[in-house]
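Here is a short report for a first look at a structure. Please view the sequence and the model before reading on.

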Amino acid sequence: MDKHLHQSSDYKYIPMTSVKSRTGVEVADDVYYYTDQIVNICFIGQPNSSEWILIDTGLPFSAKEIIEIANKRFGQDSRPSAIILTHGHFDHVGGVIDLVKAWEVPVYIHELELPYVTGEQAYPMPDATVEGGLLAKISPMYPNEPINLGGYVKALPGDQTVPGLPQWRWLHTPGHSPGHISLFRESDSLLLSADAFITVKQDSFYNVLLQIPEVNGPPRYLTTDWESAKRSVEKLWRLQPKIVIPGHGVMLKGADLQDGLDYLVNHFDQVAVPKHGKYLN
Ligand SMILES: [Zn+2]
Ligand SMILES: [Zn+2]
């Protein structure tokens with residue numbers, strides 16, 4: 001395999017955290033999510049099993065922590081069958097280069113995200129002018145240059161199946177990024193929404209810090225196509241998920257999820273789409 005793995009040229013620590021950082025929650029006996037500073041990482045597989053999958057890899061410098069959790073949950077020196085990336089933004093691929101160096105496992109991502117993880121293309125610069133509080137204002141410091149996973153990364157299968165997770169399927173939920181995906185398991189209506197919608201008001205420093213639950217549209221400063229983002233939320237709403245683990249914010253279920261998602265779908269233009277910003281047409 002290609003050994004030429006590279007971090008992005010603007011790889012750096014992001015000084016942002018929350019009260020949930022370094023804590024995890026078991027949502028089903030085989031689904032555990034862990035919060036790295038302000039972003040969620042999912043471990044899917046039965047504890048102590050040798051067959052498990054990692055979904056997303058957190059912020060820069062998260063690999064050591066992810067390996068520690070993996071060892072605790074699945075056994076010393078365990079490694080996943082594969083890593084699935086929901087998209088290539090810096091806060092979801094932060095640990096992936098170091099993890100692939102340590103584990104030498106394949107990585108899967110939607111084919112439209114491949115240029116951003118093979119060193120070919122940078123994401124558009126985050127919109128620091130967008131209506132959206134402190135996280136938008138500091139967004140020019142976020143890495144946007146591509147990482148390079150070389151020969152380790154492959155496109156997800158075109159038939160929506162997820163390698164290593166026969167019960168799950170992936171859904172294309174673009175808008176926040178071109179090849180953004182969410183993952184769904186029919187048997188318990190469990191949805192990993194990633195950044196298609198999240199459960200914290202990412203615009204508010206305090207809401208992020210305290211992780212106050214509230215269904216919200218995708219993080220504004222990095223979302224470039226609001227029409228697609230809206231259709232993606234509608235697509236996920238139609239699944240009527242019973243439990244959601246988002247990319248940012250806490251897990252939600254029951255009426256909190258149902259009511260919050262209904263509201264978001266019915267008021268998307270008013271509550272999710274910013275009133276001003278460079279990615280509005
Ligand atoms: Zn994102
Ligand atoms: Zn994110």
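## Basis

This is a predicted model, in which local features need pLDDT of at least 70, side-chain atom pairs count only at pLDDT 80 or more, and totals for chains, interfaces and linings use all residues. Residues are numbered from 1 along each chain as its sequence is written, chains are lettered from A and ligands numbered from 1 in the order in which they are written, and side-chain values use heavy atoms, without hydrogens and water.

## Overall fold

The protein has 9 helices and 13 strands. Both are DSSP runs numbered from the N terminus (helices: H or I, at least four residues; strands: E, at least two). The radius of gyration is 17 Å, close to the 19 Å that the globule rule gives for 281 residues, so the protein is as compact as a globular protein of that length. That radius is taken over C-alpha atoms, and the rule is 2.2 Å times the number of residues to the power 0.38.

Buried residues make up 60% of the 281 residues. Buried means under 20% relative accessible area (1.4 Å probe, protein chains only).

## Zinc ion (ligand 1)

The protein donors here are His87 (NE2), His89 (ND1), His176 (NE2) and Asp195 (OD), 2.1 to 2.4 Å from the zinc ion (ligand 1). Donors are N, O and S atoms within 2.8 Å of the metal (3.2 Å for Na, K and Ca); water is not among the atoms, so sites may look incomplete. Along the chain, the donors of the zinc ion (ligand 1) follow the spacing H-x1-H-x86-H-x18-D.

Histidine 87 lies in the loop between β5 (82-84) and α2 (90-93), and aspartate 195 in the loop between β11 (190-194) and α6 (205-210), so the pair ties together parts 108 residues apart in sequence. Histidine 87 is buried, at 0% relative accessibility. Aspartate 195 is buried too, at 1%.

## Zinc ion (ligand 2)

Asp91 (OD), His92 (NE2), Asp195 (OD) and His248 (NE2) coordinate the zinc ion (ligand 2) at 2.1 to 2.4 Å. Their spacing along the chain is D-H-x102-D-x52-H. Aspartate 91, in helix α2, and aspartate 195 link parts of the chain 104 residues apart. Aspartate 91 counts as buried, at 6% relative accessibility.

Aspartate 195 bridges the zinc ion (ligand 1) and the zinc ion (ligand 2), which lie 3.3 Å apart.

## Cavities

The model has 5 cavities of 30 Å³ or more. A cavity is a set of points on a 1 Å grid over the protein atoms alone where a 1.4 Å probe fits but cannot get out; lining residues have an atom within 4 Å of a point. The largest cavity has a volume of about 110 Å³, the space filled by probe spheres set on the points, which are joined across faces, edges and corners. Of its 15 lining residues, the closest to its centre are Ser8, Phe90, Val93, Glu145 and Ile147.

Methods:
1 Å grid on protein atoms, 1.4 Å probe; cavity = no way out; pocket = protein on both sides within 12 Å on 5 of 7 lines; lining within 4 Å. Buried < 20%, exposed > 50% of the residue type's maximum accessible area, 1.4 Å probe, protein only.
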